[in-house]
Amino acid sequence: MAILANSSTRILVQGITGREATTFTYDSIQYGAQIVAGVTPGKGGQNIYGVPIFHSVAQAMRSTNANATLISVPARVVKNAAFEAFDNHIPLAVIVTERIPRQDVVAIVERARLTGTHLIGPNSLGIISPHQTRVGMAGGNADAIHRAYMPGPVGVVSRSGGMMTEIANSLTQFGIGQSTCVSIGGDPIIGSTVLDLLPLYEADPQTKALVLFCEPGGTMEEQLSERLIEIPSRLPIIAFVAGRFMDKMPGRRFGHAGSIVEGILGSPANKCAALHRAGVVVADRLSDIPRLVKSKLDKVLK
């Protein structure tokens, strides 16, 4: 099955003629993703790797009926690009651009909610449903994706795109495949949190367990825990909380823009405690994840 994106997903790339977008367009096509159109104003009529380029999203939609967009444009114009996608009723938008002005991100997230668009990112490496599609640039080239990811029963949600691939690879090496892996983005404000995605995984018959890669900062895990205490999930959830050394260094930022802790709330220790209270298995080490997942799957699949 998969969530958000599968082999039928028809992808539009906004900013397709950029250096980064050109590269991941090629790699995604090689992996089997259906990239049906690109948009770069002023470059309509051209093509890249056989993908037609249009001046606008509206033109691309009339010709291709895309149902997902990947936005890879300069930070200053992401808001306009996202609004154009939302106004053309594209149901899934993935934003890979980082360093977008905070007020623009707030406006983008609010517009996505109003239009009912599933928004992933910003600062996301995208979505991979193994052997079906990739929307974004997670995993590298097609050969690397095939090595790291394989189809199976475990969903992965990660603040870090790189760690998403690391976790998927560790599961694959352990013989455990994945349903859909989502890099939700490392910024303080993002379109979809774990709490937003959980109902999609719970409704997916392929997904039997969920792995989370968490980072310091924000209250996403605390909010998830409150929901799980009130309404337990059918899915066993295994989490790893990075940056536990930050508990001794409050107010410091490490890595992602969202990884900043003010006081206790949002600290790794507080996240671990909240997740424990909600029945989530919290791994002490990243390398423990495959073993913990297998233990839970063995019980679920009996």
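Visitor: Is F83 buried or exposed, and at what relative accessibility?
Guide: Happy to start there, keeping in mind that this is a predicted model. Buried means under 20% relative accessible area. F83 falls under that cut-off, so F83 counts as buried, at 16% relative accessibility.

Visitor: What kind of aromatic pair do the rings of F83 and F86 form?
Guide: A pair of aromatic rings is described by the distance of the centres and the angle of the planes. Planes under 30 degrees apart count as stacked, over 60 as edge-to-face and the rest as tilted. The centres of F83 and F86 are 6.5 Å apart and their planes stand at 35°, so this pair is tilted.

Visitor: How are F83 and F86 separated along helix α3?
Guide: Helix α3 covers residues 78–87, and both phenylalanines belong to it. F86 counts as buried at 1% relative accessibility. Because F83 and F86 are three residues apart in this helix, their separation is about one helical turn.

Visitor: Which strands hold F213 and F240?
Guide: These two form a stacked aromatic pair, with 6.0 Å from centre to centre and 20° between the planes. Both F213 and F240 are buried. They are 27 residues apart and link distant parts of the chain: F213 is in strand β12 and F240 in strand β13.

Visitor: Which residue lies over the face of F83?
Guide: For a charge to sit over a ring, CZ of Arg has to be within 6 Å of the ring centre. Here the distance from the ring centre is 3.8 Å, and the residue is R111.

Visitor: Which residues do salt bridges that share partners join into one network?
Guide: The structure holds eight salt bridges, including one between E98 and R99 with closest N and O atoms 3.4 Å apart. Bridges with shared partners make one network, and its members are E221, E222 and K271.

Key
Residues numbered from 1 in each chain as written. Predicted model: local features only at pLDDT ≥ 70, side-chain atom pairs only at ≥ 80, totals over all residues. Heavy atoms only, no water. Helix = DSSP H or I, 4+ residues; strand = E, 2+ residues; numbered from the N terminus. Buried < 20%, exposed > 50% of the residue type's maximum accessible area, 1.4 Å probe, protein only. Lys NZ or Arg CZ within 6 Å of the ring centre and 35° of its normal. Salt bridge = Lys/Arg side-chain N within 4 Å of Asp/Glu carboxyl O.
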